[in-house]
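Try each task first, then read the solution.

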Amino acid sequence: MKIIRKPSVYLVGRQTLDDSEIARFLADHNVVGWSTDTPNAAEALPEFAGRLCYMSFAKPRPGGNKTYLGHIKEVGHGSVLEHTVWNFIITGVSRSFTHELVRHRAGFGYSQLSQRYVDESVADFVEPDCIADDPKLHEAWRTAVEHAQEAYIKLVEGLQAKFASIEDKTLRRKLARQAARSVLPNATETKIFVTANARAWRHFIELRCNEHAETEIRIVAAKILEVLQHEAPNLFGDYEFIALPDGTRAARTTFHKV
Ligand SMILES: Cc1cc2nc3c(=O)[nH]c(=O)nc-3n(C[C@H](O)[C@H](O)[C@H](O)COP(=O)(O)OP(=O)(O)OC[C@H]3O[C@@H](n4cnc5c(N)ncnc54)[C@H](O)[C@@H]3O)c2cc1C
């Protein structure tokens with residue numbers, strides 16, 4: 001049984017722009033000489049969408065993209081932030097984590113490892129640090145998880161035998177696994193593909209990279225924020241990390257729920 005104590009976050013996709021189509025749109029609308037000072041599509045796109053609302057390409061105010069997006073955050077016109085998306089894969093996380101994550105609905109899309117199709121008899125398990133750092137608690141946790149996995153394996157075998165008359169092997173396995181998984185703990189490791197737009201990521205970070213959030217989701221939220229600050233400082237640079245007594249981090253900003 002493999003025990004996991006750190007989540008992994010993979011940024012697998014990011015926003016792109018089609019410069020030639022933007023140029024064609026501007027030419028069709030007699031806009032001459034507009035450009036933004038950010039080379040970053042994730043930052044340029046919401047500025048472009050915002051400027052389209054007022055056709056304010058001709059005489060941009062000074063300060064460039066950073067000031068423009070700062071103003072959007074200040075006045076809370078966050079809908080233009082919905083155009084920019086990032087795609088992440090998150091692994092080494094527990095089913096408790098994903099249960100909390102998928103409560104975020106607006107602007108999020110998910111694809112998660114299926115416990116009906118995938119064999120969990122070789123699953124890994126995610127142990128919280130506060131259990132792992134105490135030998136007695138760790139032992140109690142490990143025993144409980146091992147027993148649960150043993151029970152799962154026995155149930156899959158028993159259910160496969162019970163459904164032996166079903167000819168379709170894939171269906172038989174699915175029926176066995178979907179029932180047997182009921183004994184697996186929240187600690188069971190899972191993988192999830194998450195796509196969200198900039199506005200949705202900001203709301204997620206505000207709620208989950210927060211001292212009141214649960215520890216595992218806070219750790220993931222901090223990792224995602226770190227990536228997004230690198231990806232698009234004009235969109236996420238307003239957050240400041242603070243160290244919490246348990247060694248994890250929270251983030252603060254003055255711009256709430258844009
Ligand atoms: C510290 C903490 C403790 C929590 N404890 C619990 C708990 O004990 N039990 C529990 O069930 N949940 C709990 N939650 C989850 C919480 O209730 C939310 O489901 C979760 O944080 C997602 O927030 P959201 O709905 O704002 O996000 P999203 O679903 O992403 O929505 C974003 C925003 O869009 C708007 N919106 C979305 N859907 C609708 C809609 N249908 N109608 C109108 N407006 C909408 C709202 O303004 C919303 O804030 C907790 C969350 C946190 C951070």
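Before starting, a word on terms: domain bounds here come from an automatic or database domain assignment. Keep in mind, too, that this is a predicted model.

**Exercise 1.** Find which domains the protein is assigned and how many Å separate their centres.

Solution. Start with the assignment: it gives domain 1 (16-77) and domain 2 (129-185). Next, take the centres over C-alpha atoms: those of domain 1 and domain 2 are 53 Å apart.

**Exercise 2.** Work out whether Thr38 is buried or exposed, and what surrounds it.

Solution. First locate Thr38: it sits in the loop between α1 (19-28) and α2 (41-54). Buried means under 20% relative accessible area. Thr38 has 10% relative accessibility, so it counts as buried. Leaving aside neighbours within four places in sequence, Thr38 is in contact with Glu43, Ala44, Asn65 and Asn234.

**Exercise 3.** Describe the surroundings of the ligand.

Solution. Begin with the shell: Arg103, His104, Arg105, Ala106, His203, Leu207, Arg208, His212 and Lys257 surround the ligand. Sort these residues by type and you get two nonpolar, three polar and four charged. Then check the polar atoms. Arg105 places a polar side-chain atom 2.7 Å from a ligand oxygen, while a polar backbone atom of Ala106 lies 3.1 Å from an oxygen atom of the ligand. For His203, an N or O atom in the side chain is 2.7 Å from an oxygen atom of the ligand. Finally, consider cover: the ligand taken alone exposes 940 Å², and the protein buries 46% of that.

Definitions and conventions:
Residues are numbered from 1 along each chain as its sequence is written. This is a predicted model: local features need pLDDT of at least 70, side-chain atom pairs count only at pLDDT 80 or more; totals for chains, interfaces and linings use all residues. Side-chain values use heavy atoms; hydrogens and water are left out. A residue is near a molecule or strand if one of its heavy atoms lies within 4 Å of it. A polar contact is a pair of N or O atoms within 3.5 Å; within protein, one must be able to donate a hydrogen and the other to accept it, and residues adjacent in sequence count only if both atoms are side-chain atoms. Accessible areas come from the Shrake-Rupley method with a 1.4 Å probe; for residues, only the protein chains shown count as cover. Ala, Val, Leu, Ile, Met, Phe, Trp, Tyr, Cys and Pro count as nonpolar, Asp, Glu, Lys and Arg as charged, and the others, Gly among them, as polar. Helices (H or I, at least four residues) and strands (E, at least two) are DSSP runs, numbered from the N terminus. Buried means under 20% relative accessible area, exposed over 50%, partly exposed in between (1.4 Å probe, protein chains only). Contact means heavy atoms within 4.5 Å.
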